[in-house]
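Trainee: I would like to go through this model and ask what stands behind each label put on it.
Mentor: Go ahead; each answer will set a value against its criterion.

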Amino acid sequence: MTPMRAMVIDDSRAMRMILKRIVTKLNFEAVEAGDGKEALDLLHAMTEVPELALIDWNMPNMNGLEFVTHARADPRLREMTLVMVTTESEQSQIVRALAAGAHEYVIKPFTEGAMIEKLALLGLVPTGANS
Amino acid sequence: MSIEVEVNENDLAEMVEQVWESYLDPEGVSPLIPTYDENQPSEVHSSVSITGSWTGYIVYASSVQAARRAAGAFLAMEPDEVGDEDLSDVLGELANIVGGNVKAMLPPGALLSLPQVVLAPEATARFPGTERISGVYGMWEGEPVSISMWQSRGDNKEGAE
């Protein structure tokens with residue numbers, strides 16, 4: 001079976017490492033990008049679009065909200081599940097991200113278990129993958 | 001009349017606990033032990049600024065050894081394998097995480113900056129025109145770590161009516 005792919009988009013290498021460790025443990029193949037623009041460039045160069053993107057909000061060049069808006073406007077990226085992973089935890093920001101087309105929202109700091117539960121809710125990993 | 005700041009030491013301590021539980025001490029074996037000493041030394045620090053409904057800085061400061069340990073925990077490396085670039089990256093992310101959560105407790109209309117990292121001691125001169133209004137100070141495996149909140153003295157425009 002072909003493994004699913006996840007793109008981790010965060011300007012912090014440390015945070016990308018943490019997210020990569022989690023999705024790799026869940027049998028995703030992970031690719032990473034340091035900001036929204038780099039992510040879009042990579043996605044446009046890929047023959048197959050990842051099933052999942054984990055997206056920070058505050059990044060240089062192109063922030064996470066802008067990335068979500070671009071991704072939602074691109075028919076080729078429409079099937080990709082978009083999860084914001086960010087410190088922007090105000091209700092108004094969450095509403096903005098969801099309105100722009102994000103599917104889920106994870107607030108930093110998060111535990112590995114909390115992230116896996118979110119991905120299970122989205123049907124991307126089996127329920128109970130955390131146990 | 002100054003804007004009412006709704007973030008106190010207990011809120012900061014709760015955030016710090018979440019950061020430790022999530023990244024720095026997931027096994028729960030080496031928590032930050034409070035010292036309540038706002039003058040404890042630091043060798044490196046990172047900060048994010050918040051502007052808008054509240055103006056000031058959130059500052060994460062520690063010894064180099066504690067910063068190396070934090071970077072090692074994030075990157076799954078031994079502390080002595082951590083380079084300056086990784087050190088800066090992790091210090092910045094720690095300030096970003098705490099700053100983002102502080103911002104969520106402030107009145108709407110605040111903006112969070114990208115983090116700034118200085119591999120040198122925290123000094124009041126770095127945050128001119130501000131005063132420290134809150135902080136969590138502790139030792140992590142014998143090394144000093146602090147998270148503090150600095151408010152701009154000019155921050156008196158919102159919420160006055």
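This is a predicted model: local features need pLDDT of at least 70, side-chain atom pairs count only at pLDDT 80 or more; totals for chains, interfaces and linings use all residues.

Trainee: Which residues make the contact of H1(A) with H2(B)?
Mentor: The axes of helix H1 (residues 13–25) of chain A and H2(B) come within 8 Å and cross at roughly 35 degrees. A:Ala14, A:Met17 and A:Ile18 of H1(A) make the contact with B:Ala71, B:Phe74 and B:Leu75 of H2(B).

Trainee: How do you know which class these residues belong to?
Mentor: Ala, Met, Ile, Phe and Leu count as nonpolar. The contact of H1(A) with H2(B) therefore has six nonpolar, no polar and no charged residues.

Trainee: What is B:Phe74 in contact with, leaving aside its neighbours within four places in sequence?
Mentor: B:Phe74 is in contact with A:Ala14, A:Met17, A:Ile18, B:Tyr23 and B:Val90.

Trainee: Why is a set of residues called a nonpolar core?
Mentor: Its members must be buried, be of a listed type such as Leu, Ile, Phe or Val, and be joined through C-beta atoms within 7 Å. The largest such core has 83 residues, and A:Leu54, A:Ile55, B:Phe74 and B:Val98 touch the most other members. Helix H3 (residues 84–105) of chain B gives the most to this core, with eight residues. In soluble globular proteins, nonpolar side chains tend to be buried together.

Trainee: What makes a residue buried, and what percentage of chain A is?
Mentor: The cut-off is 20 or more other C-beta atoms within 10 Å of its own. Buried residues make up 44% of the 131 residues in chain A.

Trainee: Why does the radius of gyration of chain A agree with a compact globule?
Mentor: For 131 residues the globule rule gives a value near 14 Å, and chain A has 13 Å, so the two agree. The C-alpha atoms of chain A fill a box of roughly 35 × 35 × 25 Å along the principal axes.

Trainee: Which elements does chain A have, and in what order?
Mentor: Chain A has five helices and five strands, running β-α-β-α-β-α-β-α-β-α from the N terminus on.

Methods:
Residues are numbered from 1 along each chain as its sequence is written. Chains are lettered from A and ligands numbered from 1 in the order in which they are written. Helices (H or I, at least four residues) and strands (E, at least two) are DSSP runs, numbered from the N terminus. The radius of gyration is taken over C-alpha atoms; the globule rule is 2.2 Å times the number of residues to the power 0.38. A residue is buried if 20 or more other C-beta atoms lie within 10 Å of its own, exposed if 12 or fewer, and partly exposed in between; C-beta atoms are placed from the backbone. Two residues are in contact if their C-beta atoms, placed from the backbone, lie within 7 Å. Axes are lines fitted to C-alpha atoms, for helices over the stretch in contact, and angles run from 0 to 180 degrees between N-to-C directions.
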